[in-house]
Each structure stands twice: as structure tokens, then as C-alpha cells.
Amino acid sequence: MCGITGILNLNGNSVSSHILKRMSDALNHRGPDGAGQWIEHEIGLGHRRLSVIDLSDKGKQPMHSASGRYVISYNGEVYNFCELKKDLQDSGYKFKSATDTEVVVTAIEKWGINAISRFNGMFAFALWDKKERCLTLGRDRYGIKPLYVASQSGIISFGSEQKAILAQPDFKKSLDYETLYEYLTFQNIFTNRTLLKGISLIPAGHFAKIYLGDGLNAELKLTKYWDYEFKEPSGKIDNREYKEELRRLVFQAVNRQLFSDVALGSYLSGGMDSGSISAIASQSIPNLSTFTCGFDLSSASGLELAYDERSQAEAMSAKFKTEHYEIVLKAGDMERCLPQLTYHLEEPRVGQSYPNFYAAKLASNFVKVVMSGAGGDELFGGYPWRYYRAVSNSNFDQYIERYYNFWQRLTNKNERQTIFLPLKNEIKNVDPMAIFRSVFPEQNKSISRPEDYINLSFYFEAKTFLHGLFIIEDKLSMAHGLETRVPFMDNDLVDFAMECPVSLKLNNLAEVIRIDENEAGRKKDKYFQKTSDGKKILRSAMSDLMPIEITNAPKQGFSSPDPIWFKGESIDFVRRKLIDGNAGIYSFLDYNAVKNLVDEHLCGKKNRRLLIWSLLSLEEYFEQIF
């Protein structure tokens with residue numbers, strides 16, 4: 001796991017070694033084990049190394065292919081690299097190292113860029129083709145590893161993080177108001193834009209090419225090589241066969257990802273996903289290190305008392321015989337880590353991410369690689385109360401409207417009109433509904449069955465919510481020199497999940513539809529709550545490994561008791577950061593409108609925890625960037 005960066009000068013100027021080093025040094029935390037750069041006139045590739053496989057100098061990057069035609073700077077893990085390596089050896093290729101990097105560049109040399117469709121893992125890379133004078137930037141199917149790119153003044157620059165691009169002395173920073181509007185609607189960025197104008201993400205499942213020979217008019221041309229496709233199977237459904245196959249694939253996925261030349265552990269949150277991974281991994285790794293982040297709930301009440309899952313994690317640790325470590329967060333921990341968190345996260349994304357920061361910090365004290373349960377919910381229906389809000393026999397437009405109304409996580413249209421009053425001209429053409437709608441694949445808009453709408457919801461959340469979580473996990477683990485692996489995103493397991501019937505994932509779908517159609521939703525409220533209706537097949541497949549109180553438990557997200565903290569222990573911090581008229585956010589947002597929304601939470605009128613966290617994150621972001 002590493003950090004990559006580079007420059008392509010379309011204006012014909014040679015790349016500055018000094019500037020490229022500055023860009024690489026901005027990613028020190030991603031690769032504390034080594035650094036390298038390669039420059040050939042207009043092109044330069046930089047690399048920071050976190051040694052996980054083949055710790056010798058043979059794994060140094062940037063790395064050349066055997067023929068010398070290709071040079072690669074690569075970040076990731078391709079878990080099927082041993083199988084690919086054997087195929088290449090059978091074709092006559094000889095290898096100098098035991099790294100997956102050498103397999104990746106050799107596979108591209110042998111099979112062309114479409115070789116990336118064969119890769120089972122997480123990755124981002126920059127590849128220079130000396131013969132074609134072409135730069136290719138590629139990213140894994142699911143967007144587990146990020147890759148940013150910018151074009152300014154005839155210079156194409158890229159990096160694992162935006163800070164590598166910003167390390168260029170002549171790069172001009174300016175806020176993208178339209179993206180800010182998008183973020184304050186969804187608490188996420190659904191497009192491939194960022195909060196900084198001119199910097200964008202290579203989309204997940206895409207690669208981009210640019211040819212130096214095209215001169216200053218050269219453009220990055222995106223190609224999609226993979227996408228999610230959740231659909232109902234056409235054949236007969238055999239519950240037992242599906243369950244057995246899922247179990248086999250989960251075991252296979254976890255065991256594939258245990259390969260490492262350094263210490264490996266697992267998060268253990270107290271839920272099904274990380275619990276399943278820890279249970280399987282502990283069968284191969286004696287005294288597996290596991291990690292849990294808990295919360296001080298001395299001031300919590302009601303639903304917030306369920307936020308701390310340490311007791312469940314401890315019970316599983318005892319069952320799996322793991323070496324277990326915990327950290328307990330208090331209200332002040334959020335305040336203390338916000339500057340460092342914002343620096344590494346670079347721009348706010350979905351959810352409150354500071355518990356992830358502390359969990360990664362804890363794990364990095366003991367291991368260099370940690371396994372995470374991310375993806376289990378999105379693949380197997382972990383959030384039924386979200387999908388049920390939109391499911392019905394309605395048409396696509398009605399489905400979109402209902403689902404969009406739910407996914408306006410931070411503000412509604414009227415609230416945005418007031419808080420964005422200072423930017424009303426700059427954002428007048430932004431249509432959040434159009435952004436929301438654009439996520440969905442065009443060919444699926446003529447569907448009508450409730451199960452098809454559920455599958456559309458799976459698609460949407462994998463493309464947006466899960467992608468946002470992957471960006472957070474990457475940035476905050478790499479902030480501590482830690483590699484995070486996500487076994488649920490194994491290609492074979494994802495392929496299975498996409499064709500697994502909705503009826504095997506969710507309970508009570510027929511009842512939800514009946515109530516929706518016949519009683520106008522009056523009794524549907526119970527299905528909007530956190531329930532154990534989701535991940536039915538996963539719960540069943542893992543039932544012999546997991547304690548019954550875990551397999552039968554309602555879904556509990558990785559959340560902190562912020563609602564009570566924001567109006568309790570942290571109220572002075574919130575007021576100091578957000579009620580100060582000189583705060584940076586008020587260069588763009590209306591003070592009175594924002595204050596009114598914040599006061600709603602502080603006075604106990606409405607739960608605005610997501611908005612307050614987002615505003616705190618934005619304020620810290622503006623202070624650091626501008």
C-alpha cells in the first residue's frame with residue numbers, strides 16, 4: 001500500500017525533480033518505508049512505499065516492465081496476483097521480485113490495459129507507455145483506492161491525495177461552489193468533482209488515457225471497464241445452495257486476503273460483517289489482533305446507549321480467541337482530532353469519520369494491515385429502513401422522488417436557498433435532483449417490480465455511500481501508515497451478491513409493499529427503524545461461527561453519541577466554531593440561516609447532528625485550505 005503521484009507537462013517543459021519530490025513528500029504518511037521517482041523529459045512519476053509484500057528493495061517503485069516499455073507507480077493489493085503470475089510465467093515471463101506490482105505491469109504489457117479487468121483487489125496506478133507516449137491512470141472496480149487528477153496551465157498532475165497536487169507551487173486553489181452545494185445536500189459528493197475547482201477523481205471502475213503527442217489540446221479520455229449490476233436471477237432459487245455458496249465465497253475472500261509479509265489484524269466492531277471476517281481469519285492466524293472503538297456513554301440516553309458495542313466485540317473476541325484491543329472515545333476526542341483529521345481526509349465526506357481515525361490509530365500501534373467489514377451492508381441489504389422508503393410498484397420517477405427526499409441528508413431545498421444566499425448566482429444552475437438521478441444506469445429506468453427497485457437502491461448506495469466510506473477508510477488508515485483490506489469486495493463475492501435474490505437478503509418485503517399500496521404508509525413506520533430484517537442470507541450462512549445474539553441483533557452502524565455531545569459536553573466547541581460570525585464558512589454561507597439550523601439542535605428542537613458535524617468539518621477545511 002502506497003502513495004502515487006506525478007506530472008505530465010503538455011507544454012513540452014521537462015518535469016522538475018524538486019517539484020516532483022515535493023509532491024511525493026506530501027504523501028509521506030502513506031509510504032514511510034521508502035520513496036522513489038522517475039523522470040523522462042515531460043513525464044515524471046513519484047512514489048511513496050508502505051512495504052507489505054516483498055519487503056526487499058526489489059519492490060521499489062516506480063517500476064519498469066521487463067521490456068522497459070512501461071513504467072508504473074502503483075498503490076494497492078491484487079489478491080490473485082499469484083495466479084496471474086503463473087499464467088505469465090507459463091507464457092515465458094520471468095520475475096525479479098515477489099511483488100504484485102511487477103505482476104500488474106507485466107500483465108498490462110502482455111494483455112494490454114484490459115488486463116485490469118482480471119485484477120481482483122484494490123488499486124490505483126499511473127502507467128507511462130514510452131512507445132505510445134501515453135499516460136494511463138486507472139482505479140479499481142469499486143473505488144477502494146482513490147486517485148485524483150488536475151489539469152492547469154498545460155500541466156496534468158495526479159496523486160493518491162489532493163495534497164500531492166496542491167504541493168505544486170503554481171497550482172491555484174479555488175472553491176468549487178457547485179460541489180459545496182452538492183455536499184450540503186447529500187453529505188457526500190456523488191459526482192467525480194471535489195471541493196477544489198479543477199481537481200477531480202478518476203471514477204471507480206474506470207481508466208483514463210492522455211497522449212503527449214496531442215499537445216496542449218490533449219484531454220484525458222475516460223473508459224469504463226466495469227460497473228455494478230444488481231439483478232434478480234432468472235432461474236429457480238434454492239435457498240440452501242445460495243447459503244452454502246455464500247459461505248464458501250466469504251471464506252475464500254477472507255483467506256485470499258490474509259497474504260502479507262507483515263503483521264495483520266482485523267477490526268471487530270461487534271456486528272456481523274467484521275465478526276464474520278475475524279471468525280474466519282482467527283482460524284488461520286493464532287491470537288489474531290482485533291480492534292474496537294467504543295464510546296463514553298455517561299451522558300447518553302435512549303437509543304444512544306446502543307452506540308457502544310464493546311461488550312459484543314469482547315464476547316466475539318473471547319469466542320474467536322483473539323488478542324483484543326479497545327479505545328474509548330469521549331466528547332473531547334472529537335474536538336482534539338479535528339485539525340489532523342481534516343488534514344488527512346482533505347474534504348468532508350459521508351458520516352462522522354473521527355471514530356474511524358481513532359480506530360486506525362489504535363490498530364496501527366500493533367499491525368500494518370487490518371481487515372474491515374466495509375461492503376457487507378451494501379451488498380447484502382444492511383439498511384432495510386432506507387430501501388423500504390422508496391420501494392413500491394410505482395414508476396421510476398416516483399421511486400427517484402421518494403428516494404431523493406430521503407437522501408437529502410443535510411438540508412432540504414428551502415434550507416439551502418437561505419444558507420446559500422451569498423452564492424445564489426454561483427449555484428443557480430445546480431440541480432441536486434438531476435445529480436441524484438444521474439447516478440442510476442440509463443438502461444434500468446423502465447423497471448416496475450419492487451425487487452428491481454431494491455436492486456436499484458443497492459446500486460445507488462454502492463456507487464455513492466459505499467464509495468464515500470472507501471475514501472474515508474483509505475485516507476484515515478493511510479494517515480497512520482496502515483493498510484485496510486475489505487474482503488467483502490472480493491470479485492467473486494461481489495458477483496454472487498449482485499445476483500443474489502432480494503428475497504434472500506431482506507425480510508418482510510411483501511408486507512412493506514402491501515402496507516404501502518393499501519394503507520398509504522400509515523403503518524409503515526416500524527419498517528423505517530433499525531431492524532434485523534437485512535442481510536438475512538449472511539446471518540444464516542455465518543450462524544455457526546457467530547454468537548446467536550450477534551446474528552439476531554438489529555443492524556447497528558458505526559456511530560458516536562454526537563447528538564447529545566453537541567448540545568452537552570461539546571456545546572461550547574460548537575458555538576465557538578459555528579456561531580462566530582468571523583468563521584470561514586461565512587465567506588460562502590449565510591450566517592443567520594446557518595445559526596438558526598444549528599440552534600435547532602442546541603435547543604433540542606431537531607436532531608441536526610449530521611449537519612453540525614459537516615459544518616464543523618467544513619469550517620476546519622476552510623481554515624486549512626484558504
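Predicted model: local features only at pLDDT ≥ 70, side-chain atom pairs only at ≥ 80, totals over all residues.
## The five-stranded sheet

An open sheet is built from five strands, arranged in the order β15-β14-β13-β16-β17 with parallel pairing. Its edges are β15 (323-329) and β17 (483-485), each of which pairs on one side only. On average, neighbouring strands of this sheet are turned by 30° against each other, with direction ignored.

Strand β14 (residues 289-295) runs parallel to β15, and seven bridges join the two. Within this pair, phenylalanine 295 is placed opposite leucine 329 of β15. Two helices pack on the sheet. Helix α7 (residues 272-281) touches β13 (264-267), β14 and β16 (369-371), and its direction makes about 150° with that of β13. Helix α8 (residues 310-320) touches β14 and β15, and its direction makes about 175° with that of β15.

Strand β6 is mostly covered, with nine of its nine residues buried. Gly121, Phe123, Phe125, Leu127 and Asp129 point one way from the strand, while Met122, Ala124, Ala126 and Trp128 point the other way; all are buried.

β5 and β6 run antiparallel and are joined by nine bridges. β6 also pairs with strand β7 (residues 134-139) in the antiparallel sense, over six bridges. Alanine 126 of β6 takes part in both pairings: serine 73 is its bridge partner in one, and leucine 137 of β7 is its bridge partner in the other. β6 and β7 form a hairpin with four residues between them, and arginine 133 in the turn has a positive phi of about 55°.

Helix α3 (residues 100-111) has 12 residues and reaches 16 Å from its first C-alpha to its last, close to the 16 Å expected at 1.5 Å a residue. Because 10 of its 12 residues are buried, α3 is largely enclosed by the rest of the structure. Among the buried residues are Asp100, Glu102 and Glu109, together with Val103, Val104 and Val105. The buried residues of α3 pack against β4 (63-64), β5 (70-78), α2 (81-90) and β6 (121-129).

Both ends of α3 show a local feature. At its start, a side-chain oxygen of threonine 99 comes to within 3.2 Å of the backbone nitrogen of glutamate 102. The helix is followed by glycine 112, whose phi is positive, near 85°.

Helix α17 (residues 465-478) is also mostly covered, with 13 of its 14 residues buried. At 1.5 Å a residue, its 14 residues should span 20 Å, and the end C-alpha atoms are 20 Å apart, which agrees.

## Salt bridges

Side chains of opposite charge can pair when their charged atoms come close. The structure holds 39 salt bridges. One of them joins the side chains of arginine 240 and glutamate 244, at 3.1 Å from N to O. Both residues lie in helix α6 (residues 239-256), four residues apart, about one turn of the helix. An α-helix has 3.6 residues a turn, so residues three or four places apart point the same way. Glutamate 244 counts as partly exposed because its relative accessibility is 45%.

A further salt bridge is formed by aspartate 492 and arginine 256, with the closest N and O atoms 2.9 Å apart. This pair links distant parts of the chain, since aspartate 492 lies in helix α18 (residues 491-498) and arginine 256 in helix α6, 236 residues apart. Aspartate 492 has 31% relative accessibility and therefore counts as partly exposed; arginine 256, at 22%, also counts as partly exposed.

## A buried pair and a network

Lysine 577 and glutamate 620 meet through their side chains in a salt bridge of 3.1 Å, N to O. Here too, distant parts of the chain are linked: lysine 577 belongs to helix α24 (residues 571-578) and glutamate 620 to helix α26 (residues 609-625), 43 residues apart. Buried means under 20% relative accessible area. Lysine 577 counts as buried because its relative accessibility is 14%, and glutamate 620 counts as buried at 7%.

Salt bridges also form a network, which links Arg30, Lys145, Glu161, Lys163, Glu346, Asp474 and Lys475.

Note on methods. Residues numbered from 1 in each chain as written. Heavy atoms only, no water. Pairing = 2+ DSSP bridges. Axes fitted to C-alpha atoms, helices over the stretch in contact; angles between N-to-C directions. Contact = heavy atoms within 4.5 Å. Salt bridge = Lys/Arg side-chain N within 4 Å of Asp/Glu carboxyl O. Buried < 20%, exposed > 50% of the residue type's maximum accessible area, 1.4 Å probe, protein only. Expected span 1.5 Å × (residues − 1). Polar contact = N/O pair within 3.5 Å; in protein donor to acceptor, adjacent residues only side chain to side chain.
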